Amino acid sequence: MKKLFICGLIYVMNHSSLLAQQAYIPDFSTLALDGKKIFQENCVQCHGETALGTDLGPPLLHPFYRPGHHNDAALRRAIKKGVMPHHWAFGPMPAIETVKDEEIPKLVLFIRELQRANGIK
Ligand code: HEC
């Protein structure tokens, strides 16, 4: 019983520290600033203003999404074709058809610059 209580307490502590987490916002390059705008228009409802996630989608500032694990091609594919759920329990990500092909590299750059500034490299 005591063990269960402690586990619960640790869960609550971890969870609240996640909620309190804040992203460090770097000085973005000009192209990444364009990407930020596109992200705000198409991605924040699920991934959050600073890519820390919401009830609908995971944080992209997460070691899963470091370049060595999900490279730029994987990011581009996710935007263009959507993603079957494989890391989380949010369900699938739909293809984001409102993003034009020429906007995708700017989005990827924005995500990478934000990740690098937050130690995801
Ligand atoms: C309707 C909600 C939703 C929207 C809008 C959305 N995503 Fe996602 N995204 C998800 C979910 C859910 C996952 C996690 C799927 C899993 O692995 O379980 C995900 C995963 C990802 C991944 C990881 C891909 C992989 O291969 O695992 C990237 C990168 C990503 N999203 C980028 C974006 C970008 C950029 C946009 C805006 C253009 C966007 N998402 C818009 C819900 C969304």
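Helices (H or I, at least four residues) and strands (E, at least two) are DSSP runs, numbered from the N terminus. This is a predicted model: local features need pLDDT of at least 70, side-chain atom pairs count only at pLDDT 80 or more, and totals for chains, interfaces and linings use all residues. Residue numbers start from 1 along each chain, as its sequence is written.

**View 1. G57 in its loop.** G57 lies in the loop that links helix 3 (44–47) and helix 4 (72–81). G57 counts as partly exposed because it has 19 C-beta neighbours inside 10 Å. (With C-beta atoms placed from the backbone, a residue is buried if 20 or more other C-beta atoms lie within 10 Å of its own, exposed if 12 or fewer, and partly exposed in between.) Leaving out residues up to four places away in sequence, G57 touches C46, H47, F90 and M93. (Contact: C-beta atoms, placed from the backbone, within 7 Å.) C43 is 14 residues from G57 along the chain, with 9.4 Å between their C-alpha atoms.

**View 2. The shell around the ligand.** C43, C46, G57, F90 and M93 come nearest among the 27 residues around the ligand. (A residue is near a molecule or strand if its C-beta atom, placed from the backbone, lies within 6 Å of it.) Helix 3 and helix 4 each supply at least two residues of this shell. The largest share, four residues, comes from helix 4. By class, the shell holds 19 nonpolar, eight polar and no charged residues. (Ala, Val, Leu, Ile, Met, Phe, Trp, Tyr, Cys and Pro count as nonpolar; Asp, Glu, Lys and Arg as charged; the others, Gly among them, as polar.)

**View 3. Helix 2 against helix 5.** Helix 2 (residues 30–42) packs on helix 5 (residues 104–117) at an angle of about 100 degrees, with the axes 7 Å apart. (Axes are lines fitted to C-alpha atoms, for helices over the stretch in contact; angles run from 0 to 180 degrees between N-to-C directions.) The two helices are therefore roughly perpendicular. (Under 35 degrees is roughly parallel, over 145 roughly antiparallel, 65 to 115 roughly perpendicular, and the rest oblique.) From helix 2, L31, A32, D34, G35, K36, I38 and F39 meet K106, L107, L109, F110 and E113 of helix 5. This contact comprises seven nonpolar, one polar and four charged residues.

**View 4. Helix 4 against helix 5.** The axes of helix 4 and helix 5 cross at roughly 120 degrees and come within 10 Å. The pair is therefore oblique. D72, L75, R76, I79 and K80 of helix 4 make the contact with I104, L107, V108 and I111 of helix 5. Six of these residues are nonpolar, none polar and three charged.

Technical notes:
Contact = placed C-beta atoms within 7 Å.
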